[in-house]
Amino acid sequence: MNSAAAASPPRVVVIGSGHNGLVAAAYLARAGLQVTVLERDTEIGGACRTSEIFPGVRGSTYSSTLWAFEPKIIDDLDLRRRGVRWSMIDPTIHSVGAGEAVVNWSDRQRTAKEIARISGADALRLGEFDAYWQRARALLRPFMLTDPPSPEGLAAHADMVGDRALWEELTTISLSEVCGRFFTDPRVHAAMATLSDFGFPWAAGTALLTAHGRAKASLGGAAVIEGGMGKLTTALAEAALHHGAAIRTAKCVDRILVDGSDGAGVWGVRLDDGSEIRCDVVISNADPKTTMSRLIDAADAPDGVLADVERLQTSVSTLTLHCLLDRPPSVNAILEPDRRPDRPGYITIASSLDQYGRAYAEACDGHVPQMPILHLETPTLYDPTAQGHGRHLMSIWVQYAPGAPRNGSWDQLRSATTSHLLDIVEQHLPGTLDTVLDSRLVTPADLENRLGLTEGNINHIDLVPTQLFSRRPLPGWGYRTPIPSLYLCGAGTHPGGSVSGASGHNAAATVLADVGGAPGRN
């Protein structure tokens, strides 16, 4: 940094107003830096936004439930006072086929009674299963708001807390093996296991991925934000503005400007209208491939960096099907009257862990799965601010989907895919089709075109064992890139996807440590 820049607070440009970009901006502005957020869209929020999905019905457009947002960020940025409120979803319902379901309550005794309907022996092991994952979570939870830990650092921590054997096991065992240790019935496996972004439950290391996901789970379950996910990014923007940041919409960054002489690094950005903004630091909330391959001139990238970035794994994406219903989804076909919750706000359709594997393999091969995993979320049952005028929004999150289908474009497949997904719902929840007034499918192509996500990958890059912790996005990076003064703050960094704010928090702490005299992560 030159002397003129050092005489005044460093100037920071944050590319993108997704939740991590806004978190980073708020922390940096609070520390006294001159921060400008540039958003290419006309509204802020990235994947965390609320919009009118159907006429008169507003809801979360992309991200829809909150389960991983860090309490420290909520407190630091005073988000409750800024209007962020949520309702916990309890229970969740798991349709496991043939008219059967397990109701998963926060009250584990009630859940055990549900499992006993399928397998009495499995019900007796639920406590041990929960305890196993609590231990696994405890190994990783301390590292969510830190620099990315190395495998050696994680092993040392496991030694310190006396659980090295568990750490070694997590890195080698599959999720399927863990489930098989406690449960015998594959339907119980499907109802109790959590498998998100990597869909081979029998692959070595998937136990670690599950532990990683549980370590991010900070709210004790899934929640619906009052006003939709856009309420969260609105509050984050208010915090950033309160501390002096500027947020400029309809400002598309075309190029990050780099001075390659003597390792000087970035000196500004150029917008698509040709104007330039000078700064001392650039923080990109875009994914690593977009940042390094599209926003950086190839001549400015260090040798080998672009090839390494292009090799990052972005195998599959997801689909979201928004449905407008004239009444809430009915669970009458899978639950007796005394087992039906008042608000069936979250229903998963998955009969076995093998179903995850088949769906993932088909998506990796470029096809829409014949039997995908469906998560039916009805936020209007939990959000008192939702204005449905007697109608309900049901958003179906679909695992998994190919970024680039083999048998046509997503526009060509849109209608058939919508019908296919609704047919699956109807098979499990008869009568649902009669309630659907309208539908809207959000494809990986939509996510790429509207949000700039490479191949529509909601995690920026896949959450797989080779792209976790200190290897995310690449070994030795963390939140810094090989180009001086260029940082990453999005889901492509530790600890990865989900709406947690952790990547933005940690990236800001790294920038503050580099510019000197800044508060730490405490």
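Reply: On a 1 Å grid over the protein atoms alone, a cavity is a set of points where a 1.4 Å probe fits but cannot get out, and lining residues have an atom within 4 Å of a point. Grid points are joined across faces, edges and corners, and a volume is the space filled by probe spheres set on the points. The model is predicted: local features need pLDDT of at least 70, side-chain atom pairs count only at pLDDT 80 or more, and totals for chains, interfaces and linings use all residues. Residues are numbered from 1 along each chain as its sequence is written, and side-chain values use heavy atoms, with hydrogens and water left out.

Me: How many cavities of 30 Å³ or more does the structure hold?

Reply: Rolling a probe the size of a water molecule over the atoms shows where empty space is left. Here there is one cavity of 30 Å³ or more, and the largest cavity has about 90 Å³ of space.

Me: Which residues line the largest cavity?

Reply: Among them are Ser196, Asp197, Trp397, Tyr400, Asn457 and Asp462. Two elements give two or more residues each, strand S14 (316-325) and strand S17 (392-402); helices (H or I, at least four residues) and strands (E, at least two) are DSSP runs, numbered from the N terminus. S14 has the largest share, three residues. By class, the lining has five nonpolar, five polar and two charged residues (nonpolar: Ala, Val, Leu, Ile, Met, Phe, Trp, Tyr, Cys and Pro; charged: Asp, Glu, Lys and Arg; polar: the others, Gly among them).

Me: Which strands does S11 pair with?

Reply: Two strands pair if DSSP finds at least two bridges between them. Strand S10 (residues 253-259) is joined to S11 by six bridges, antiparallel, and aspartate 259 has glycine 265 of S11 as its bridge partner. Three bridges join S11 to strand S12 (residues 276-278), also antiparallel, with valine 269 partnered by isoleucine 277. Four residues lie between the strands in the hairpin of S11 and S12, where glycine 274 takes a positive phi near 95 degrees.

Me: Why is S11 described as largely enclosed?

Reply: Buried means under 20% relative accessible area, exposed over 50% (1.4 Å probe, protein chains only). Five of the seven residues of S11 (residues 265-271) are buried, so the rest of the structure largely encloses this strand.

Me: Which residues of helix H7 are buried?

Reply: In H7 (residues 151-160), these are Leu154, Ala155, His157 and Ala158. Seen down the axis, they fall within an arc of 160 degrees, so they line one face of the helix; the arc is that of the directions from the helix axis to the C-beta atoms. Glu152 and Met160, on the other side, are exposed.

Key
On a 1 Å grid over the protein atoms alone, a cavity is a set of points where a 1.4 Å probe fits but cannot get out, and a pocket is an open set with protein on both sides within 12 Å along at least five of seven lines; lining residues have an atom within 4 Å of a point.
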